[in-house]
Amino acid sequence: MCLPALHLLAAHGPLQLAGKGWARSLFSAYDWPVIPLGGFWTGWRALHAAAPAPALLFTNSLGSALQVRLAGLAASGYATEARAALLARALPLPAAWAGTLHTVEYYLALAAAHLGVQAEVPARLSLRLPAQALERAHATRVAAGAGAHYVVLCPAAVGRHRGQVKAWSGFGALARDLKARGHTVLACPGPGETAAVRAATPAAIVLPEMDVAIFAALLQGSRLVVANDSGAGHVAAAVDAPLVSVFGVTDPTKTRPWGPRARLVGSAQGWPSYDAVLSEVLAALA
């Protein structure tokens, strides 16, 4: 959801990223060096060893502001979690954040304020993918015996929201119903998720675990992606894959997948019925 903000920053000068290790794969089609950050102190050492440069924090936490400050970087960021004193430039939250402002807009507003420019929110995210990722996604699919027309189910969702599991329970039945209708159904687990994904979608072809760029390429080539409110859903939206996003415990107002091809079913008030999800999926495939 930072992608429009990153594009804006890159348009105004060299850009270097620091974040989770998977960012290097996700943005491998760009000429943006990535500093992989581990824990607090390993991340501090990596930042401290980097060339001094103005920093912009997309994170909202006090810990990330402290980490960057200790590394000797002058950082701008939103004045959240009482961290203003740690920032070289503490920017006020957009007034619309108290209402319906989406996270994509929130991040883009931060980058625009940092640069002192105006920015228009794009209709879609447009993540570029390297040719190698497209080739490896194709080879992985062919090796699994899947043709060019396939549906991808993403049943996993990391973490909880206010103590509630973020994963819809109907993926197993959906895989069976789609397969019975003649669709090729794939599932691609994230790191360490193979057993859980096999258990959730026994009727699907479960692919080997792969890096996020290859995963994104697999989603981009699909007829449809069905995902929880999860990173997989956001990656699908970023590569403009047709998507049905299932919500049940989180609020889609600020975190729904961004793009014109994303369909939403469910809400923060509870999971949708199985028939409601199946109907949305079949409509999207039609």
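This is a predicted model: local features need pLDDT of at least 70, side-chain atom pairs count only at pLDDT 80 or more; totals for chains, interfaces and linings use all residues.
**Nonpolar cores**

In soluble globular proteins, nonpolar side chains tend to be buried together. The largest nonpolar core of this model holds 58 residues. Within this core, the residues with the most contacts are L6, F27, F58, L127, L219 and V225. Two or more residues each come from helix 1 (3–10), helix 2 (23–26), helix 5 (103–115), helix 6, strand 6 (151–154), helix 9, strand 11 (224–228) and helix 10 (231–238). Helix 9 contributes the most, with eight residues. The contacts of F27, leaving aside residues up to four places away in sequence, are L3, L6, L17, W32 and L127. Another core lies apart from the largest one and has 22 residues, including A187, V244, L278 and V281.

**Aromatic pairs**

A pair of aromatic rings is described by the distance of the centres and the angle of the planes. There are eleven aromatic pairs in the model.

| Pair | Centre to centre | Angle between planes |
|---|---|---|
| Y30 and W32 | 4.2 Å | 20 degrees |
| W168 and Y274 | 6.0 Å | 10 degrees |

The W168 and Y274 pair links distant parts of the chain, with its members 106 residues apart. W168 is in the loop between strand 8 (164–165) and helix 7 (171–180), while Y274 belongs to helix 12 (residues 274–285). W168 has a relative accessibility of 6% and therefore counts as buried. Y274, with a relative accessible area of 23%, is partly exposed. In the other pair, Y30 counts as buried because its relative accessibility is 8%, and W32 counts as buried at 7%.

One aromatic cluster is made up of F58, Y78, W97, Y106 and Y107. W97 also has a charged neighbour: the charged end of K254 sits over the W97 ring, 4.0 Å from the ring centre.

**Helix 6**

Helix 6 comprises the 13 residues 131–143. Which residues of helix 6 are buried? They are A133, A137 and R141. Seen down the helix axis, these buried residues fall within an arc of 65 degrees, so they line one face of helix 6. That buried set packs against strand 9 (185–187) and helix 9 (212–220). On the face turned away from the buried side, helix 6 carries the exposed residues Q132, E135 and A143. After helix 6 comes G145, which has a positive phi near 85 degrees.

S126 is not a glycine, yet has a positive phi of about 60 degrees. S126 is located in the loop between helix 5 and helix 6. Its relative accessibility is 42%, so S126 counts as partly exposed. D240, also a residue other than glycine, has a positive phi near 65 degrees. The position of D240 is in the loop between helix 10 and strand 12 (243–247).

Methods. Residues are numbered from 1 along each chain as its sequence is written. Side-chain values use heavy atoms; hydrogens and water are left out. Helices (H or I, at least four residues) and strands (E, at least two) are DSSP runs, numbered from the N terminus. The expected span of a helix is 1.5 Å times one less than its number of residues. Buried means under 20% relative accessible area, exposed over 50%, partly exposed in between (1.4 Å probe, protein chains only). The arc is that of the directions from the helix axis to the C-beta atoms. Contact means heavy atoms within 4.5 Å. Rings of Phe, Tyr and Trp (its six-membered ring) pair if their centres lie within 6.5 Å; planes under 30 degrees apart count as stacked, over 60 as edge-to-face and the rest as tilted. A charge sits over a ring if NZ of Lys or CZ of Arg is within 6 Å of the ring centre and within 35 degrees of the ring normal. A nonpolar core is a set of buried Ala, Val, Leu, Ile, Met, Phe, Trp, Tyr and Cys residues joined through side-chain atoms within 4.5 Å.
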